[in-house]
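This report describes a protein model for readers who wish to consult the sequence and the coordinates side by side. The structure is shown first.

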Amino acid sequence: MTKQILTFLVISSLLFLGNFIIPSVMNPYLFMILIYCGINIIMGVSLNIINGITGQFSIGHAGFMAVGGYVSAAMSFYFLMPLLSLFPSDNTVLSLLCQNVLFVFSLLLGGVGAALFGYLVGLPSLHLRGDYLGIVTLGFGEIIRVIILNLDFIGGARGFTGIPAWSTFFWIYFFAVAVVMVSFRLLRSSHGRALLSIREDEIAAESIGIPITRYKVKAFVLSSFFAGIAGGLFAHFIGYLNPSSFTFIKSFEAIIIVVLGGMGSISGAIVAAVITTILPEALRPLQEFTKTDFRMVIYPLLLLTLMLTRPEGLFGNKELSDIISPFLKRKKSS
Amino acid sequence: MEEFVQHLINGISLGSIYGLVAIGYTMVYGILKLINFAHGDVYMMSTFFGFYFARWLGFAYAPSVIGALIVLFLAMAACALLGFTIERFAYRPLRKMPRLNLLITAIGVSLLLENGGQILFGADPKFFPELIARAELLHIGNISISNFQVIVIVVSLSFMALLQYIIFHTKTGKAMQAVSFHHENASLMGIDIDRIISFTFVLGSALAAAAGILVGLAYPRIDPLMGVLFGLKAFVAAVLGGIGSVPGAIVGALIMGLSEEMVVGYFSSTYRDALAFFLLIIILLVKPTGLFGKTTSEKV
């Protein structure tokens, strides 16, 4: 346990250093891609908890991201910004510290909001199995979006402008590392084994005394909490939210990350999140060459090719460590 | 009261179009247990096929019933071919794989059709030609019934009747029922499963194409993304009626069309899209198998 905390601290301090170095050496375009990678990693890995590890089929992840994003954005806009303006904003260490503490508070609140929604959605619907659960989550995702569309104090269809741009490289990757480590810890705990047993066979899991609905709801709440955090980070990076960014296409993107990486593989989800973020951007030169935007056709074509040639995803059920460790062992013995 | 009757007529007309698309969802689900997300886009493609056929053949400039029928059948044939191709090259190789993979493939095909459509046809909306001159058939008080509404209802009902005949009174239809019941057992009875599944896709896509042409006539604004939400709602209608059941899909679609018209008429049009999902969640929480669905218990 102390080893994990130590690793986490080391990574965080490296990220903290990176926070000062990376934005100054990277051009803004690449930096933006890097940030989106981080947000997609949070989305993919968090969805992996419910879709990959627990084997439940949820297509409403964008809805939870929207809840988190809007809750934390509204919190920052209506309460934290006025609060912060009471203090002198002189860019000293103290005022920056205040700002970041408030930011984390607002993010966590967004996460809790999304988790609460996850609980409300999950409790009645996780009794359902397979596709029906998928359909219900899809429905809830769309309902959340339509409700936001009709709430005027958070912008409605015009979108929510004026959100303070507080997201930094550090916070985005801090939470990305957090969700990855939580997932790994979960996977290796008795909770995680219960979730895996639900994925493998619900009836068998139930017969050995695992309260399956309770475990599913727990996984669902955890997953939506992180999706909410991702939403908050996204909102505070762009400074603008629009309900049209949270359609079910966004949920599909998260599912694509999970399946592309291999169901249940956390490192697979990370790699897939990076690939799906970079790929459309990497194809951009092609667009200049052909004068038509073929990217959006090539992307689904690649997806189809991958599904047809490697249906188990990039990593299958394995983690990066499972693939690397045989090589390391061989080196040691020789 | 007059207003109510008007909404009722509009709702039935909209509902019958939903019905034609919903049947495609429900048949494919019944047979493959797959939510065919590309189905809404097949429907979108049919309006564009219709749009171009009507222009090339010159029917766009001289409205006539014959012309409309020719365009309808050509679009149905083109979409049947499209549905066949999608099944053959995207879904068949993955049939033995986990269902989530199949679903991702369906999403991939759907994105391909949408984005490909945006490149091929242009992203800006087009206007479907008036293949039949718009006329008002009946006008009582404030109620008006246009010939389009009658055409929509008559054409969809006749296709539904035809489908009912195919499923319950032909050998292929019986084979379809058998395959949807159990794949291996059906193949032991000498049914060529691949052929039946292909046939299901052809049939579903042709019906979606009919819906596409009817929509083009009744609501002429068409664009490459029109299939997304429409498809989703038709799918919800199929779930509402009990997915896998054809009469269920039709009833679900009528409920959907009617309630949507009523919400727009008496409440607010912004909640129109949420209503579909609201209905869906209510029905799934109260009766998860839908109105006409059969309850199956899972065995070890």
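## Basis and overall form of chain A

The model is predicted. Chain A is built from 14 helices and 2 strands. The radius of gyration of chain A is 20 Å, close to the 20 Å that the globule rule gives for 334 residues, so chain A is as compact as a globular protein of that length. Along the principal axes, the C-alpha trace of chain A extends over about 60 × 55 × 55 Å.

Buried positions make up 44% of the 334 residues of chain A.

## Contact between chains A and B

Chain B contributes 31 residues to the contact, and chain A contributes 30 residues. On the side of chain B that touches chain A, helix 4 (99-121) and helix 11 (272-286) of chain B each supply at least two residues. Helix 4 of chain B provides the largest share of that side, 12 residues.

By class, the side of chain B that touches chain A comprises 23 nonpolar, 6 polar and 2 charged residues.

## The largest nonpolar core

The largest nonpolar core holds 193 residues, of which A:Ile42, B:Ala75, B:Cys79 and B:Ala210 touch the most other members. Helix 8 (residues 193-218) of chain B gives the largest share of this core, 15 residues. In soluble globular proteins, nonpolar side chains tend to be buried together.

Leaving aside residues up to four places away in sequence, B:Ala75 touches B:Ser46, B:Phe49, B:Gly50 and B:Phe53, together with B:Ala209, B:Gly212 and B:Ile213.

## Two loop residues

B:Lys33 lies in the loop between helix 1 (2-32) and helix 2 (39-56) of chain B. Although B:Lys33 is not a glycine, its phi is positive, at about 55 degrees. B:Lys33 counts as partly exposed because it has 14 C-beta neighbours inside 10 Å, a number between the limits of 12 or fewer for exposed and 20 or more for buried.

In chain A, the loop between helix 8 (202-207) and helix 9 (212-238) contains A:Ile208. A:Ile208 has 8 C-beta neighbours inside 10 Å and therefore counts as exposed. A:Ser197 is 11 residues from A:Ile208 along the chain, and the C-alpha atoms of the two are separated by 9.9 Å.

Technical notes. Residues are numbered from 1 along each chain as its sequence is written. Chains are lettered from A and ligands numbered from 1 in the order in which they are written. This is a predicted model: local features need pLDDT of at least 70, side-chain atom pairs count only at pLDDT 80 or more; totals for chains, interfaces and linings use all residues. Two residues are in contact if their C-beta atoms, placed from the backbone, lie within 7 Å. Helices (H or I, at least four residues) and strands (E, at least two) are DSSP runs, numbered from the N terminus. Ala, Val, Leu, Ile, Met, Phe, Trp, Tyr, Cys and Pro count as nonpolar, Asp, Glu, Lys and Arg as charged, and the others, Gly among them, as polar. The radius of gyration is taken over C-alpha atoms; the globule rule is 2.2 Å times the number of residues to the power 0.38. A nonpolar core is a set of buried Ala, Val, Leu, Ile, Met, Phe, Trp, Tyr and Cys residues joined through C-beta atoms within 7 Å.
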